[in-house]
Amino acid sequence: MSPKQHRGEVTSDLLLDAALRVFVESGEQGLTVSAVVRTSGVSLGSLYHHFGSLDGLIGALSHRWLDRLLGELTKALRNAGTARAGIAGAVEAYLAFVQEHRGPALLLHSPWPTARAWRGAGSSGTPRRRGSPKWRSGYGRAWTQANWRRFRPR
């Protein structure tokens, strides 16, 4: 990684960490661009360069923590020998995650970040904003069409 790439990654991390800190301390109403910039010590231009908007920042923050949660759940399921053990392991992993990461859990359970990120979505459901997480690019629609069919009563 080049020094410039490393600096960009450090700046992004500072902004993401500051956004979470502001959300935990001030709630949804307090999570503003100026509060994040003030808390992070990073310039306003850097926030817009890396995330495009406050919505992009919130989407990236949600994505970061959702990835961590899903990683823990996946690990618990892979380590299980039976379906019952998998369910028990997933529940235990989820509860441990929520207890250990209270702030991110509040963010992930809030409808606010999802609604803000989807505000920029087009008719296809694909977000238009730069910095929007890739996982919001229509996977839900594909899941519904492909996988739910097998669960329908015959």
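Here are some questions with their answers.

This is a predicted model, where local features need pLDDT of at least 70, side-chain atom pairs count only at pLDDT 80 or more, and totals for chains, interfaces and linings use all residues. Residues are numbered from 1 along each chain as its sequence is written, and side-chain values use heavy atoms, with hydrogens and water left out.

Me: How many helices and strands does the protein have?
Reply: Helices (H or I, at least four residues) and strands (E, at least two) are DSSP runs, numbered from the N terminus. Read from that end, the elements go α-α-α-α-α-α-α-α. The tally is eight helices and zero strands.

Me: Is S110 buried or exposed?
Reply: S110 sits in the loop between α6 (102-109) and α7 (111-118). Buried means under 20% relative accessible area, exposed over 50%, and partly exposed in between (1.4 Å probe, protein chains only). S110 has 8% relative accessibility, so it is buried.

Me: Which residue's side chain makes a polar contact with the side chain of S110?
Reply: A polar contact is a pair of N or O atoms within 3.5 Å; within protein, one must be able to donate a hydrogen and the other to accept it, and residues adjacent in sequence count only if both atoms are side-chain atoms. Here the distance is 2.8 Å, and the partner is E28.

Me: What share of the 154 residues counts as buried?
Reply: The same cut-off of under 20% applies here. For the protein's 154 residues, the buried share is 37%.
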